[in-house]
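Please read them with the sequence and the model open beside you.

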Amino acid sequence: IGYATPVIWGNDIFISAAIPPENFSPPGRGESPTQPIKFVVLAVDRTNGKVKWERMAREEIPHEGQREETTWATSSPITDGKHVYAYFGSRGLYCYTIGGDLVWEKDFGDMSIARQFGEGSTPTLYKNRLIVNWDHEGQSFIVALDAATGEEVWKKDRDEPTNWMTPLVVEDSGRTHVITTALNHVRSYDLATGVLLWEDEGLTELAIPSPVAADGVVYVTSGF
């Protein structure tokens with residue numbers, strides 16, 4: 001079960017999923033689950049639909065519930081043709097080879113999501129950097145990781161509540177910007193250092209859509 005968008009590279013389709021036990025009883029709204037869920041990554045042959053490999057990243061009971069409109073596997077996998085990155089939010093970030101071997105994993109802790117809407121932001125992969133935006137009801141932050149090793153390159157705290165957008169990386173005038181949207185501010189961080197390059201007024205609550213850019217202009221939007 002998962003709402004993560006599959007990612008395709010060559011003959012491979014990579015899928016993230018959350019598999020509940022056979023006797024799973026979905027918790028009611030406002031309640032937390034009491035049974036463990038398997039968080040898995042699959043590689044499927046796009047010519048015949050056969051599963052080439054399946055890896056269980058983690059099995060645990062989620063620390064908080066979510067609404068019935070979503071799943072515990074909503075963040076999409078990412079690949080550069082050499083590695084597959086599977087992100088399960090509070091259940092961690094995992095790097096596998098194309099063949100399914102685990103290279104590294106990273107645990108950022110537990111998110112506290114507003115209104116139990118569930119987690120859903122996807123990291124951004126740009127060259128040798130993975131950008132993870134972690135906006136929730138606790139201490140929010142944005143962090144850049146070395147994509148090959150998972151080591152932290154830089155990390156910046158953010159004064160933002162829950163949102164679900166995926167950062168956008170844009171090259172312009174010799175600088176590489178990491179653009180984020182949120183309730184309080186729209187911001188640009190320097191990809192190399194994390195230094196704040198600029199910020200402007202924020203959007204409405206529930207910043208879900210990701211920013212896009214064209215011809216030197218960044219377009220941002222949010223819910224309501």
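1. Where is the place of Thr181? Thr181 sits in the loop between β14 (175–180) and β15. Keep in mind here and below that the model is predicted. Thr181 has a relative accessible area of 0% and is therefore buried. Leaving out residues up to four places away in sequence, Thr181 touches Arg158, Asn163, Met165, Val186, Leu203, Ala207, Pro209, Pro211 and Val220.

2. On the chain as a whole, the secondary structure comes to 18 strands and zero helices. The chain has 224 residues and a radius of gyration of 17 Å, which agrees with the value near 17 Å that a compact globule of this length would have. The C-alpha trace spans about 50 × 40 × 30 Å along its principal axes.

3. On burial and surface, 50% of the 224 residues count as buried. The chain exposes about 10700 Å², and carbon and sulfur atoms supply 50% of that area. Among contacts with a separation of 6 or more, 51% come from residues 24 or more positions apart.

4. Which residues have the most contacts inside the largest nonpolar core? They are Tyr85, Leu93, Trp104, Phe108, Leu130 and Leu145, in a core of 18 residues. At least two residues of this core come from each of β6 (83–87), β7 (93–97), β10 (129–134) and β11 (140–146).

5. Not counting residues up to four places away in sequence, Leu93 touches Ala86, Tyr87, Trp104, Glu105, Lys106, Phe108, Pro123, Leu130, Val132 and Leu145. Trp104, Phe108, Leu130 and Leu145 in that list are also named with Leu93 among the residues with the most contacts inside the largest core.

6. On charged pairs, a search of the whole structure finds nine salt bridges. In one of them, the side chains of Asp107 and Arg58 meet at 3.1 Å, N to O. Asp107 lies in the loop between β8 (102–106) and β9 (124–126) and Arg58 in strand β4 (residues 51–60), so this pair ties together parts that are 49 residues apart in sequence. Are the two partners buried or exposed? Arg58, with a relative accessible area of 18%, is buried, whereas Asp107, at 46%, is partly exposed.

7. A further salt bridge joins the side chains of Arg187 and Asp159, at 2.5 Å from N to O. Arg187 belongs to strand β15 (residues 185–190) and Asp159 to the loop between β12 (152–158) and β13 (168–172), so the pair ties together parts 28 residues apart in sequence. Arg187 has a relative accessible area of 5%, which means that it is buried. Asp159 has 47% relative accessibility and so counts as partly exposed.

8. Arg187 also forms a salt bridge with Glu160, and the closest N and O atoms are 2.7 Å apart. This pair, too, links distant parts of the chain: Glu160 is in the loop between β12 and β13, Arg187 is in strand β15, and 27 residues separate them. Glu160 and Arg187 are both buried. Through shared partners, salt bridges join Asp159, Glu160, Arg187 and Glu199 into one network.

9. Where is Ser76? Ser76 is found in the loop between β4 and β5 (78–79). Ser76 has 15% relative accessibility, and the limit for buried is under 20%, so Ser76 counts as buried. Neighbours within four places in sequence aside, Ser76 is in contact with Ala4, Thr5 and Thr122. Ser76 and Pro123 are 47 residues apart in sequence, and their C-alpha atoms are 8.4 Å apart in space. Pro123 is also one of the residues that Leu93 touches.

10. Last, the surface. Which residues make the nonpolar surface patch of about 270 Å²? Val212, Val217 and Tyr219 make the patch. Tyr219 lies in strand β18, which covers residues 217–219. With 47% relative accessibility, Tyr219 counts as partly exposed.

Terms used. Residues are numbered from 1 along each chain as its sequence is written. This is a predicted model: local features need pLDDT of at least 70, side-chain atom pairs count only at pLDDT 80 or more; totals for chains, interfaces and linings use all residues. Side-chain values use heavy atoms; hydrogens and water are left out. Patches are made of residues with over 30% relative accessible area and no salt bridge: like charges are joined within 9 Å, nonpolar side chains (Val, Leu, Ile, Met, Phe, Trp, Tyr) within 5 Å. Accessible areas come from the Shrake-Rupley method with a 1.4 Å probe; for residues, only the protein chains shown count as cover. A salt bridge is a side-chain nitrogen of Lys or Arg within 4 Å of a carboxyl oxygen of Asp or Glu. Helices (H or I, at least four residues) and strands (E, at least two) are DSSP runs, numbered from the N terminus. Buried means under 20% relative accessible area, exposed over 50%, partly exposed in between (1.4 Å probe, protein chains only). A nonpolar core is a set of buried Ala, Val, Leu, Ile, Met, Phe, Trp, Tyr and Cys residues joined through side-chain atoms within 4.5 Å. Contact means heavy atoms within 4.5 Å. The radius of gyration is taken over C-alpha atoms; the globule rule is 2.2 Å times the number of residues to the power 0.38.
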